[in-house]
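Trainee: I'm new to this one and would like a close look at a single part of it. Could you walk me through the salt bridges?

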Amino acid sequence: MNQKIDRRSLLKSGLLAIGGMTLAPHLSMGAFAGQPITMDPENRIFRSPMVREHFLPENFKAPKIVARLSSNENPYGPPASAQKAVIDAVKNGNRYAGRDMFELVEKIAKKEGVTADHLMVAPGSSDLLEKVAIVLFMNGGNIVSADPCYMSMIRVAESVGAKWKAIPCTADWSHDLKAMEAAIDKDTKLVYVCNPNNPTGAITNGQDLLDFCSRVSEKVPVFVDEAYIELAVGADTQSMVSLLSQKKNVIVARTFSKIMGMAGLRFGYMVALPSFLKEINKITRGGFSITNTTVAAAKASMDDNDFQDMTRKLNHEAKLYLYSNLDKMGYKYIPSYTNFVLFPVSIQGKELLSKMTDKGISIRSFDILNKPWCRVSIGTMDEMKTFVNALGQLS
């Protein structure tokens with residue numbers, strides 16, 4: 001990494017303050033390799049020719065949302081244990097997290113089987129993806145990933161000078177690991193893998209990915225985003241953290257936004273070689289912007305196995321209910337190992353959003369390769385029944 005990076009220039013340009021909503025990277029997914037990324041003046045987001053998300057007009061007056069199924073949130077959290085921890089921690093809101101933060105980092109390190117110097121924490125894993133993108137790509141280079149994938153890292157990397165080498169997913173929407181490896185060249189600075197993948201919900205075989213990461217990390221760092229891994233019921237997968245014991249240059253990101261139900265409290269971490277984290281820390285640091293209430297909630301959530309088991313169980317049951325009804329209505333969905341399902345629809349994106357919002361249901365709508373798709377998050381069983389009923393009225 002080139003260390004001659006002017007921090008003041010970064011601050012002036014606002015790059016160190018870039019967040020998920022600044023570039024709205026998660027709202028624009030997919031691109032053909034080599035095609036330009038453009039600014040959409042109507043929606044004010046960066047988008048690609050391959051995938052575009054639809055939005056309701058700004059002056060649209062939506063009724064009360066009764067089923068919020070658009071952001072892949074956990075409808076059951078945060079757990080009661082975390083809520084109590086937040087209340088107890090508020091009285092110390094005049095203090096930085098300090099010792100409590102160190103205790104949390106040690107707790108995570110023990111869970112992951114690494115030492116504390118392998119960890120960096122932040123308010124959500126997207127923050128860490130973006131920090132890595134800023135540091136690695138300030139002087140150009142390219143990033144290799146599947147297409148489509150979660151775009152937070154890709155968009156920030158592009159905004160600071162990187163080129164995206166987008167490798168189409170296979171027929172079953174898993175990562176084309178062979179093609180991704182072949183795409184690596186002398187200018188590649190990072191390979192990004194999201195497994196299970198967002199927005200498809202598909203998964204790449206655990207052993208295949210482990211072999212890929214072990215081999216490829218000898219050439220270039222591999223960043224594996226495991227935001228949804230705890231929800232991958234019945235999947236042949238595994239965390240890539242084990243490769244760090246072999247000194248492999250692999251970075252693994254995890255979040256408390258999904259299984260832990262802490263999307264609004266904001267906490268995530270990444271596990272990597274200490275030498276890699278040292279380079280990131282030369283430009284920006286993690287952890288300082290995390291509140292003591294969030295730290296307390298995270299510590300409590302880690303110990304609440306009953307809540308995690310309940311979330312996994314109820315998410316799976318509600319997803320099976322959705323599958324059954326999509327089958328009955330003739331929709332061909334992508335089997336998902338997450339808390340959302342993506343499937344093609346016949347109704348155009350903005351019309352779909354308008355009709356669903358009129359019924360108090362929020363979802364996501366995309367055009368993928370010029371065809372309309374719906375992505376619906378898995379809510380409670382009652383919320384899924386509301387969605388299924390509304391979808392049935394569109395069929």
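Mentor: Happy to, and keep in mind that this is a predicted model.

Start with lysine 107 and aspartate 303, whose closest N and O atoms sit 3.0 Å apart. Lysine 107 belongs to helix H3 (residues 99-112) and aspartate 303 to helix H9 (residues 292-303), so this pair ties together parts that are 196 residues apart in sequence. As for the surface, lysine 107 is partly exposed at 26% relative accessible area, while aspartate 303 is exposed at 52%.

Now hop over to helix H10, which covers residues 305-329. Here arginine 312 pairs with aspartate 309, with 2.9 Å between the closest N and O atoms. Both residues lie in that helix, three residues apart, or about one turn. Arginine 312 is partly exposed, with a relative accessible area of 23%, and aspartate 309 is partly exposed too, at 42%.

Helix H10 also carries the pair of glutamate 317 and lysine 313, which are four residues apart and therefore separated by about one helical turn. Their salt bridge brings the closest N and O atoms to 2.7 Å. Glutamate 317 comes out as partly exposed at 33%, and lysine 313 counts as partly exposed at 49%, because exposed means over 50%.

Technical notes: Residues are numbered from 1 along each chain as its sequence is written. This is a predicted model: local features need pLDDT of at least 70, side-chain atom pairs count only at pLDDT 80 or more; totals for chains, interfaces and linings use all residues. Side-chain values use heavy atoms; hydrogens and water are left out. A salt bridge is a side-chain nitrogen of Lys or Arg within 4 Å of a carboxyl oxygen of Asp or Glu. Helices (H or I, at least four residues) and strands (E, at least two) are DSSP runs, numbered from the N terminus. Buried means under 20% relative accessible area, exposed over 50%, partly exposed in between (1.4 Å probe, protein chains only).
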